[in-house]
Amino acid sequence: MTRLVTAHLFHAVNGVVESPDQWQFGHFGPEEGEMMGRTLANVTDVVIGRKLWQEWSEFWPAAAEGDPFAAFVNPVRKHVVSSTLGDDLGWNSTRIDGDPLDHVRALREGDGGDIAVVGGVETVRSLFLGGVVDRLTLTTHPVVGAGRRLFGDDVPVTRLELLESTATSAGNVVTTYGLRTAD
């Protein structure tokens, strides 16, 4: 049985996904929390880029007890995309040895629940465009952000298929896409 691979990013109206902590929290309501809870409930493995893994590994292990995201992220198996980190990472983490696309393909065919690609920008972009992310969810906040966009001018025309969309009472639009397989 093939496991579901998802990615979810917070997104500004102008396409910025970098540093959502600068602008997302003013528009994060109970519906967003419920959606995240449903999405993460079946996840047993996450794929994460080196920079974000380093930030999170310094913050989340010491997060306040009872924080729902800490309760998820601390015990989950983490697969880190890095060519510079060593093999002894701690925090229930393993460095991906070799091609991340091949690693995710092998994970998807193995045992366990869903797999979430949690970031960073380059990791989500390369795995989605590489065809190993089944569902890319963007929570678009009513803000214009500063920083990197998920898909820059260097990404060729890529057709997507809208799988789901909803607006929330906090003013966000949550859209889920897959790569379009046929024209």
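A residue counts as buried when its relative accessible area is under 20%. In this predicted model, Trp53 has a relative accessibility of 6% and therefore counts as buried. Trp91, at 17%, counts as buried too.

A search of the whole structure gives 7 aromatic pairs. One of them joins Trp53 and Trp91, with 6.4 Å centre to centre and 50 degrees between the planes, a tilted arrangement. This pair links distant parts of the chain: Trp53 belongs to helix α2 (residues 50-59), while Trp91 lies in the loop between β3 (77-81) and β4 (93-95), 38 residues apart.

Phe69 and Phe72 form another tilted aromatic pair, with centres 5.8 Å apart and planes at 50 degrees. Both Phe69 and Phe72 are buried. They are 3 residues apart in helix α3 (residues 68-73), so about one helical turn separates them. An α-helix has 3.6 residues a turn, so residues three or four places apart point the same way.

Phe69 and Phe72 also belong to a cluster linked by ring pairs, in which the other members are Trp56, Phe59 and Trp60.

## Overall architecture

The chain contains 5 helices and 8 strands. Along the sequence they follow the pattern β-α-β-α-α-β-β-α-β-α-β-β-β. Taken along the principal axes, the C-alpha atoms fill a box of roughly 45 × 40 × 30 Å. The radius of gyration is 16 Å, which agrees with the value near 16 Å for a compact globule of 183 residues.

Of the 183 residues in the chain, 43% are buried. The accessible surface comes to about 9,900 Å², and carbon and sulfur atoms account for 52% of this area. Among contacts between residues at least 6 apart in sequence, 71% join residues at least 24 apart.

## His11 in strand β1

His11 is located in strand β1 (residues 5-12). Its relative accessible area is 15%, so His11 is buried. The side chain of His11 makes a polar contact of 3.1 Å with the side chain of Thr140.

With neighbours within four places in sequence left aside, the contacts of His11 are Val16, Val17, Trp23, Leu138, Thr139, Thr140 and His141.

## Helix α5 and the residue after it

Helix α5 covers residues 121-129, and its buried residues are Val121, Thr123, Val124, Arg125, Leu127 and Phe128. The charged residue Arg125 is included in this buried set. Just after α5, Gly131 takes a positive phi of about 85 degrees.

Thr2 lies in the segment before β1. Its relative accessibility is 46%, so Thr2 counts as partly exposed. Residues up to four places away in sequence not being counted, Thr2 touches Arg108 and Glu109. With Glu109 there is also a polar contact between side chains, at 3.4 Å.

The C-alpha atoms of Thr2 and Leu138 are separated by 23 Å, and these two residues are 136 residues apart along the chain.

Notes
Residues are numbered from 1 along each chain as its sequence is written. This is a predicted model: local features need pLDDT of at least 70, side-chain atom pairs count only at pLDDT 80 or more; totals for chains, interfaces and linings use all residues. Side-chain values use heavy atoms; hydrogens and water are left out. Rings of Phe, Tyr and Trp (its six-membered ring) pair if their centres lie within 6.5 Å; planes under 30 degrees apart count as stacked, over 60 as edge-to-face and the rest as tilted. Helices (H or I, at least four residues) and strands (E, at least two) are DSSP runs, numbered from the N terminus. Buried means under 20% relative accessible area, exposed over 50%, partly exposed in between (1.4 Å probe, protein chains only). The radius of gyration is taken over C-alpha atoms; the globule rule is 2.2 Å times the number of residues to the power 0.38. Contact means heavy atoms within 4.5 Å. Accessible areas come from the Shrake-Rupley method with a 1.4 Å probe; for residues, only the protein chains shown count as cover. A polar contact is a pair of N or O atoms within 3.5 Å; within protein, one must be able to donate a hydrogen and the other to accept it, and residues adjacent in sequence count only if both atoms are side-chain atoms.
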